[in-house]
Amino acid sequence: MCLAVPAQVVEKTGDDAVVDLQGNRLRISTALTPEVGIGDWVLVHAGFSITHLSEADARETWDYLRQALGDALTEAGGEPAGPEPAVLPPNRPQDESGR
């Protein structure tokens with residue numbers, strides 16, 4: 001089974017972005033959704049944002065995931081991203097791949 005999850009864009013440069021998934025950060029490609037910007041909500045699947053969605057739809061989807069996964073989702077970590085995009089600290093360390 002495949003699953004796409006809502007995330008909020010917190011950083012974007014070209015087709016690369018960093019999104020917030022309930023407190024967890026992930027670097028993704030926005031090549032399929034070039035219109036999205038910082039603060040927008042997207043569905044993320046396999047490292048790509050596949051569609052732009054409203055904040056209300058994103059939060060509703062997270063509510064469904066919480067109902068379905070219960071404690072397993074809470075244990076995955078993080079707090080829900082607020083309406084304001086979180087800011088990454090400057091000069092954050094990069095891994096060996098340059099990300």
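Author: A residue counts as buried under 20% relative accessible area, as exposed over 50%, and as partly exposed in between (1.4 Å probe, protein chains only). This is a predicted model, in which local features need pLDDT of at least 70 and side-chain atom pairs count only at pLDDT 80 or more, while totals for chains, interfaces and linings use all residues. Residues are numbered from 1 along each chain as its sequence is written, and side-chain values use heavy atoms, with hydrogens and water left out.

Reader: Which pattern does the protein chain follow along the sequence?

Author: Helices (H or I, at least four residues) and strands (E, at least two) are DSSP runs, numbered from the N terminus. Here the order is β-β-β-β-β-α-α, with five strands and two helices in the protein chain.

Reader: Which residues make up the largest nonpolar core?

Author: In soluble globular proteins, nonpolar side chains tend to be buried together. A nonpolar core is a set of buried Ala, Val, Leu, Ile, Met, Phe, Trp, Tyr and Cys residues joined through side-chain atoms within 4.5 Å. In this structure the largest one has twelve residues, namely V5, A7, V9, A17, V19, L21, I28, V36, V42, V44, W62 and L65. At least two residues of this core come from each of strand 1 (5-13), strand 2 (16-21), strand 4 (41-45) and helix 1 (55-69). Of the 99 residues of the protein chain, 29% count as buried.

Reader: Why does I50 count as partly exposed?

Author: I50 lies in strand 5 (residues 48-53), and I50 counts as partly exposed because its relative accessibility is 41%.
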